[in-house]
Amino acid sequence: MIILRLLNFVLIAVLAISVLPNRAMAELNLEIKDGVIEPMPFAVPDFVAENAAASEFATKLARVVAADLTGTGLFREIPKSAFISTVTNFNSPVQYADWKAINAQALIVGAVNAGSGGRVTVKFRLFDVFSGQQLGDGLQFGGTVNSWRRMAHKVADAAYSRITGEGKYFDSRVVFVSETGPKNARQKRLAIMDYDGANVKFLTDSRSIVLAPRFSPTGDRVLYTSYETGFPKIYVLDVATVGRRALADQPGTMTFAPRFSPDGQTVVYSLSAGGNTDIYRMQINGGTPVRLTSAPSIETAPSFSPDGRQIVFESDRSGSQQLYVMSANGGEARRISFGAGRYGTPVWSPRGDLVAFTKQNKGRFHIGVMRLDGEGERLLTASFLDEGPTWSPNGRVIMFMRETSGAGGAVSLYSVDITGRNLQRVKVEGGASDPAWSPLLK
Amino acid sequence: MTYLIKAIFIVGALGLGACTNPDHLSGNGNANGAGNGAGAGSNIPLDPASDPTSPVYFSQTIGDRVLFAVDTSTLTPEGRSTLTAQAGWLQANPEYAAIIEGHADEQGTRAYNLALGARRANAVQEFLLSQGIAANRLRTLTYGKERPIEVCSAESCYAKNRRAVTVISAGAGA
């Protein structure tokens, strides 16, 4: 292993929580701690088109890779206009001096080949310019013409992961609720898109109110709540075929707030009967529902731990909305939120170390994170209405919905790093709410 | 007692215009109540708002909704009085059933507001049951914060959105 030091990357931890692995895997080493002071400069020249049919992808691929990396807030792209070298052959030696001269710390070189049968092949290499070394092996991805953006995301994922030591997350999707119309007559449809807002596809029409979709652990199915029968009820939808079915339920009850267990076999959800809302679990393919809470208070918004053994949920049993953790089989629950205000919509992080939540305090809404022992609470956002966090597959980024106030209230998706930096609006046309991030695609 | 209430409301209804409300059935219930139908040979249709057996009369004159304080499902004295009148109407019009919708204002998270709406709808249902309305005529439904009627982000609107609405439907029992 080559040990490289990038002295001009001085990273300072200013806050108490270190949410990152202690060890960085890569040598071109950008260890993300709270308070990174300067993004790492990188260059990604247009990919080399290895045949005529591939030329249409050469620029587009590089643009998506650059957008992924700069979108993290951890990287800064050096514009093409500053380049001294051009890259015309994927296998030519890199002119390190030319890239050093423009202070490109990392260089991503790619090539694309469009073969017969609508197949596209993308290759890439990552270079640590200042040490004059290739970082990791070159990689190659293949797919259909229509999946060219996924290949760009895979290149960016590999570069991001090698440099930061973090898990990948760009090659992922988000299911959400697309909203149109005025506040008192909103039309809602389920929709799915790439994590960056591209390739939006609708999964339902707007005839019924739909709420809070959630991905299965493999991303192939979505649980959601619909008013299709006139009453809120849980459905499971196959993403590929858009076929859907209602989960078995008890007559006269209302069900909502479903989530999958990590093995994809079980659904945990809320059921309202006689005005009381409790948490239940059920096999996705049917069977007898198991009641996990039985209190006269509201118990809802359950979310499994990554190992499937515990559930974090919200309850107003103390008199106000707070967060609790219990066994996945129910039983005694331990309260974990004790700060001022109300806490709801807890979501266990994929790393298992944190829970993200919505907090209401003094007329404002916040997205925050805390550890599972309730310590280390940190509010990442504040606005009139921020709600419903969802984790990126690597547990570094949180997406949520933000609604503006008043009659013209507009709802949008935002993302924020778990350090609280890099708050960004996700570029989706029209209103969007209730995001749920998929696992990393295969 | 029931007659007295009806009589008062009939008088009150005369002064009301036929305003429409998006929450309500708008006159699609059978307006030809016994003894109040237009006489044979008359071509003047009966205004459902003045027919005390019509769902429109229920929503406009009896009052189809009760309001709640922030994050509560406790019935107010005004709410109880409205619900007493609703129970009277339901007693007098046994051919109708009702769906009770619980709603919340926007100051809350989605799932919590669904649960809160369910509590509010249930509070109304419990009251109507206590007044002798048969359980098979009533069903509850929560909309949480999905269907506000007022759209401003101020207490004046929130107060109207924190509501339970009794929506009359044809046919008794589900």
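Mentor: Let's start with pLDDT: it is the predictor's confidence in each residue, from 0 to 100. We need it here, as this is a predicted model.

Trainee: What is the mean pLDDT of chain A, and how many of its residues reach 70 or more?

Mentor: The mean for chain A is 91, and 92% of its residues reach 70 or more. Residues 1-26 of chain A are another matter, with pLDDT below 50. That stretch still has 61 contacts in the model beyond near neighbours in sequence. Where pLDDT is low, though, the predicted coordinates should not be read in detail.

Trainee: What makes A:Gly110 and A:Phe124 a pair worth a look, in sequence and in space?

Mentor: They are 14 residues apart in sequence, yet 4.1 Å apart in space, C-alpha to C-alpha. A:Phe124 is also on the list of residues that A:Gly110 touches, along with A:Phe47, A:Val48, A:Phe90 and A:Lys123, leaving out residues up to four places away in sequence.

Trainee: Which residues touch the most other members in the largest nonpolar core?

Mentor: That core has 49 residues, and A:Phe47, A:Val65, A:Ile108 and A:Leu413 touch the most other members. Helix H3 (residues 148-164) of chain A gives the most to the core, nine residues.

Trainee: How do you know where this core lies relative to domain 1 and domain 2 of chain A?

Mentor: Domain 1 (40-164) and domain 2 (173-437) both give residues to the core, so it lies between them. As for A:Val65, it is in contact with A:Val44, A:Phe47, A:Ile108, A:Ala152, A:Val155 and A:Ala156, setting aside neighbours within four places in sequence. Another core lies apart from this one; it has 23 residues, including B:Phe68 and B:Ile100.

Trainee: What makes strand S19 and strand S22 of chain A edge strands?

Mentor: The order is S19-S20-S21-S22 in an open sheet of four strands, with antiparallel pairing. S19 (299-304) and S22 (330-335) each pair on one side only. Neighbouring strands there are turned by 30 degrees against each other on average, direction ignored.

Trainee: How do you know that S19(A) pairs with strand S20 of chain A?

Mentor: Pairing takes at least two bridges. Four bridges join S19(A) to S20 (residues 310-315), so the two strands pair, and they run antiparallel. In S20(A), A:Ile311 is the bridge partner of A:Phe304.

Technical notes:
Residues numbered from 1 in each chain as written. Chains lettered and ligands numbered in written order. Predicted model: local features only at pLDDT ≥ 70, side-chain atom pairs only at ≥ 80, totals over all residues. Heavy atoms only, no water. Contact = heavy atoms within 4.5 Å. Core = buried A, V, L, I, M, F, W, Y, C linked by side-chain atoms within 4.5 Å. Buried < 20%, exposed > 50% of the residue type's maximum accessible area, 1.4 Å probe, protein only. Domains from an automatic or database assignment. Axes fitted to C-alpha atoms, helices over the stretch in contact; angles between N-to-C directions.
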